[in-house]
Amino acid sequence: MKNAIVIRGAREHNLKDIDITIPRNLITVITGPSGSGKSSLAIDTIYAEGQRRYVESLSAYARQFLEQLQKPEVDYIAGLSPSIAIDQRTIARSPRSTVGTITEIYDYMRVLYTTIGKPFCYNCGSPIATQETESIIQRVMDLPEGSRLQILSPMVRDRKGEYRKELAQMRAEGFVRARIDGKMVDLTEDVSLERHKRHTIEIVIDRLIIKPNILRQLKNAIDTALRYSDTVMIHLIDEEQDIPLSKTMACPSCGISYPEINPRFFSFNSRLGACPSCRGLGYEGIEEASDELGAQRPCKACGGLRLRKEALHVRIGGKNIGEFARMHVRDSLGFVQDLRLTRRERTIASRVLKEVTDRLGFIGEVGLGYLTLDRPSLTLSGGEARRIRLATQMGSRLTGVIYVLDEPTMGLHPRDCRRLLESLSRIRNSGNTVIVVEHDEDTIRWADHIVDMGPGAGRRGGWVVATGSPEEVQKSADSLTGKFLSGEQEIPVPSKRRKPANYIEIKGAAEFNLKNIDVKVPLGVLTCVTGVSGSGKSTLVFEVLYKALARHLHNSGPAPGKHRAIKGMDNIDKVICVEQSPLGRTPRSNPATYTGVFTLIRDLFAALPDSKVRGYKPARFSFNLAGGRCETCRGDGMKKVAMHFLPDAYVPCDVCKGRRYNRETLEIMYKGKNISEVLGMTVSEALEFFSAIPPLKQRLEFLEDVGLGYIQIGQPAPTLSGGEAQRVRLSRELSKKSTGNTLYILDEPTTGLHFVDIEKLLNVLNTLVEMGNTVLVIEHNPEVVKSADYIIDLGPEGGEEGGELVAAGTPEKVSTSETSYTGKVLGEKLPPVKKRKIA
């Protein structure tokens, strides 16, 4: 079929040799229970094969730098085009990465400030103007008599290359010294520069001592220097100080010169533009390799704006580029649109301004208008990071592309979800194919076409259960998704709301965008904190409440966010934050090691008769220790392959074939399975396999109960999504003996969960509450929100327009609020008012 992606015999992971046809130039949602094969089809088959074919289409020269990508397990795919995946991987976690750099808006603004920015003197505020050679000479003659100096001409400024030709020319013209990258070099000797590093080359024109009869020699030296550059660098030898004197950029009042203004002048990642005090990081005491900011103080020199003072005194519309980047996206869009420019400036800047306004608009469309362009990527949530990547792709305006998105609505309030769906429709209408892996009901109903995978997870999944329009799928008798869409199956509204045993009262919460609010957090119930993106939910729960409780209970930890007082903290004995951060940073960490299951399995294998005969202890079955592991890959099972221009790839070890252990260790069998095969089991398979061993069975049951039956127990931690990592943590907490009076805090635990899995998770959370604990959940999913005992709704909008307490109380009470977006969603989910009791 010409207008379709035709797939035959797909067997990647748990896919059951499926045949399927997906229409092109439409929005297709692939849904189904967690672990049913959605990502295996969308990411690991369609996207992977599209990428592989693209690499194969490159020239032989380009391909030599790229490792051959592995072909997915599929017999035949037709109708593919270049593919772009926006999956659950996070964006670059570096203190130098910001919303502005990721979306390339900051790069366009650097060009704009270079072309139409107006420079002002950082000393007196006067406009910078050109100056004559005589003015430069007079500035040098005004130096104290007896000053020893060198006159240098910067012929290369912070550019990559070897510059052999230029250096040879300078040598031929009689110059014998140059300052290269801050060090004096003898040009009569061979000078070798690294080709791929940035260099600054300043030719030493002359050495002088300031005295009355030096004027002619000085004039000759300045004239010579200006032949090679429009800036003369005066190096004071005794003071070790440089004074740049520019013919084109100087202050007419105090004579201060500016270097050449180019885009690198406004880059905090370049030596030309970065603040010398903080090296362009914006904070005091932070390191390049930092992957979190914590409570950092802004740099005193640049005020956190990251740039040197000269760059911060170039303005457009009265603002420097750092001040522009500090504005909220919605405000910066208005600023750019309202700029008053001359006809000449408008002509020069028109294309750049269009790119900037388009990209700012796209960020607003995906519900992130509350962000600032200088917001570090380290502080973005997983949902925010994914939508930033989506906005960036929308800004590229490609056509004929297959976009594969993995849960783009994660972290979105239902109000913002519609905006995102309209954005996806615009991508489709531009001639692209959009394939979305999603559980969100609104997204499923919005789709042109649905592929429902299942019927179960892991080995019980991998089949196509139903395909067609939303209306066709909800008529399918085999589709769980269809039953939820039609209302035949649903998550019931609780018949009764539990009453709070007590409260923790937060007074005057004012951190970030919180507006000095008073909030009561009920104890002994299930509470949802809701609100649109950026409304202040995480700030209230994590920055204020959790940090205050951690300090109160443990006398340690970072200082909590601004608040006046918190009462009632003595009513709980323990606080547990079940977060979405990775379980570990290396593939050696996995669900089995994190939950303690692996310790029990190693003990079991060490107790087998064959192990005892050979003298094998539990350590023999650890892939982290020498003895039992494969020493070629040191127990990793994989070997890293440098991909040069692409991220590194990992291929199975050619000795152990990815099994991690040596031959002798793999000879030990339990019920016909070796240790590597056990680690390759899914949670559901392992639960059945170890059903006769109570300690193992219990821990595996907790993983099954939180909807993780489909993941492998030895699955490397970095491959788990944030939601999966959070549920692994929750299962470990469930395995511990409960003392009651514990506050559990969870951030969007339904991430990646199908309707049927959400029902399982709610059962787990309600079990915790019934044991005398309190569960506090930040959540957008209407099925969870309607099932809560109490709701704290923040808003009404995000960013500066958020931070207020919009509504609080039972779901029934919040649904009557006229100002609450959450209330409007609940009004559609709860039974009619006359038939329900408002608590």
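The model is predicted: local features need pLDDT of at least 70, side-chain atom pairs count only at pLDDT 80 or more, and totals for chains, interfaces and linings use all residues. Residues are numbered from 1 along each chain as its sequence is written, and side-chain values use heavy atoms, without hydrogens or water.

**Cores.** Select F690 and L730. Among the 145 residues of the largest nonpolar core, these two touch the most other members. (A nonpolar core is a set of buried Ala, Val, Leu, Ile, Met, Phe, Trp, Tyr and Cys residues joined through side-chain atoms within 4.5 Å; buried means under 20% relative accessible area, exposed over 50%, with a 1.4 Å probe and protein chains only.) Another core, of 33 residues, lies apart from it and includes L149 and V191.

**Around F690.** Show its contacts (heavy atoms within 4.5 Å). Beyond four places in sequence, F690 touches residues including I601, L604, L696 and L700.

**Backbone.** Go to G454 and P455: a cis peptide bond joins them, with omega about 0°. G795 and P796 are also joined by a cis peptide bond, omega about 0°. Most peptide bonds are trans, and most residues other than glycine have a negative phi.

Now select R306. It is not a glycine, yet its phi is positive, about 80°. R306 counts as buried, at 5% relative accessibility.

End at N555. Its phi is positive too, about 55°, and it is not a glycine. Is N555 buried or exposed? At 72% relative accessibility, N555 counts as exposed.
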